[in-house]
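Please look at the sequence and the three-dimensional picture below before reading on. The report that follows takes up a few residues and elements in turn.

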Amino acid sequence: VLPKDAPPGHACHTEVVFDGKHKWPHAWFVYSGVRFQATLDKCKTEDAARRVARLLYLRCEQGDSQELVKAFRKELYQRIQTAYREVAAALAPTGQAEDDEDE
């Protein structure tokens, strides 16, 4: 669902911090004086929030503007949300209405 993570040892692995005690838990970093974050609510897991934040960091490194980085984050959030909906649909019980008719 998400693009390839940053390579091991890359600076983003230490620059991205997860704040699980915040009212809205999130992974965050500051790049060139601008703060970016990926929320637990949108990413569903701490690992995914950290990974999204690292991917944003890589975009900052590539020279993307703040607006482009935020647009990329929105795309990643949408990918995660779509994957979760697909999994939920696949796990949803089926055929219950047919079973109820036999009683």
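## A histidine in a strand

The side chains of His26 and Arg35 are joined by a polar contact of 3.0 Å, where a polar contact is a pair of N or O atoms within 3.5 Å, of which, within protein, one must be able to donate a hydrogen and the other to accept it, and residues adjacent in sequence count only if both atoms are side-chain atoms. This is a predicted model, in which local features need pLDDT of at least 70 and side-chain atom pairs count only at pLDDT 80 or more, while totals for chains, interfaces and linings use all residues. Residues are numbered from 1 along each chain as its sequence is written, and side-chain values use heavy atoms, with hydrogens and water left out.

His26 has its place in strand β2; helices (H or I, at least four residues) and strands (E, at least two) are DSSP runs, numbered from the N terminus. With 3% relative accessibility, His26 counts as buried, a word that means under 20% relative accessible area, whereas exposed means over 50% and partly exposed lies in between (1.4 Å probe, protein chains only). Contact means heavy atoms within 4.5 Å, and, leaving aside neighbours within four places in sequence, the residues in contact with His26 include Val17, Phe18, Arg35 and Gln37.

## Strands and hairpins

Strand β1 (residues 17–19) pairs with β2 in the antiparallel sense over three bridges, and two strands are said to pair if DSSP finds at least two bridges between them. Val17 has Trp28 as its bridge partner in β2, and a hairpin joins β1 to β2 through six residues.

β2 also pairs with β3, again in the antiparallel sense, over six bridges, and here the bridge partner of Tyr31 in β3 is Val34. The hairpin of β2 and β3 has two residues between the strands, and Ser32 lies in this loop. Ser32 is exposed, with a relative accessible area of 68%.

Most residues other than glycine have a negative phi. Ser32, although it is not a glycine, has a positive phi of about 50°. Lys44 is also a residue other than glycine with a positive phi, near 80°; its place is in the loop between α2 (40–43) and α3, and Lys44 is partly exposed, with a relative accessible area of 35%.

## The nonpolar core

A nonpolar core is a set of buried Ala, Val, Leu, Ile, Met, Phe, Trp, Tyr and Cys residues joined through side-chain atoms within 4.5 Å. The largest one has 24 residues, of which Phe29, Cys43 and Val52 touch the most other members. At least two residues of this core come from each of β2 (26–31), β3 (34–39), α3 (46–61) and α4, and the largest share, nine residues, is supplied by α3. Leaving aside neighbours within four places in sequence, Phe29 is in contact with several residues, among them Val34, Phe36, Ala53 and Leu56.

## Salt bridges

Side chains of opposite charge can pair when their charged atoms come close. The structure holds four salt bridges, each being a side-chain nitrogen of Lys or Arg within 4 Å of a carboxyl oxygen of Asp or Glu. One of them is formed by the side chains of Asp5 and Arg54 (2.6 Å, N to O). Asp5 lies in the segment before α1 (12–15) and Arg54 in helix α3, so this pair ties together parts that are 49 residues apart in sequence. Asp5 counts as partly exposed at 23% relative accessibility, while Arg54 is buried, with a relative accessible area of 12%.

Another salt bridge joins the side chains of Glu46 and Arg50 (3.0 Å, N to O), and, because these two are four residues apart in helix α3, about one helical turn separates them. The side chains of Asp64 and Arg59 also meet in a salt bridge (3.4 Å, N to O).

## A buried arginine without a partner

Arg73 is found in helix α4 (residues 66–91). What is the nearest side chain of opposite charge to this buried residue? It is Glu67, which is 11 Å away, and Arg73 has no salt bridge; in this count Lys and Arg are positive and Asp and Glu negative, while His and the chain ends are not counted. The side chain of Arg73 instead reaches the backbone oxygen of Gln37 at 2.9 Å. Leaving aside neighbours within four places in sequence, Arg73 is in contact with Gln37, Val52 and Leu56.
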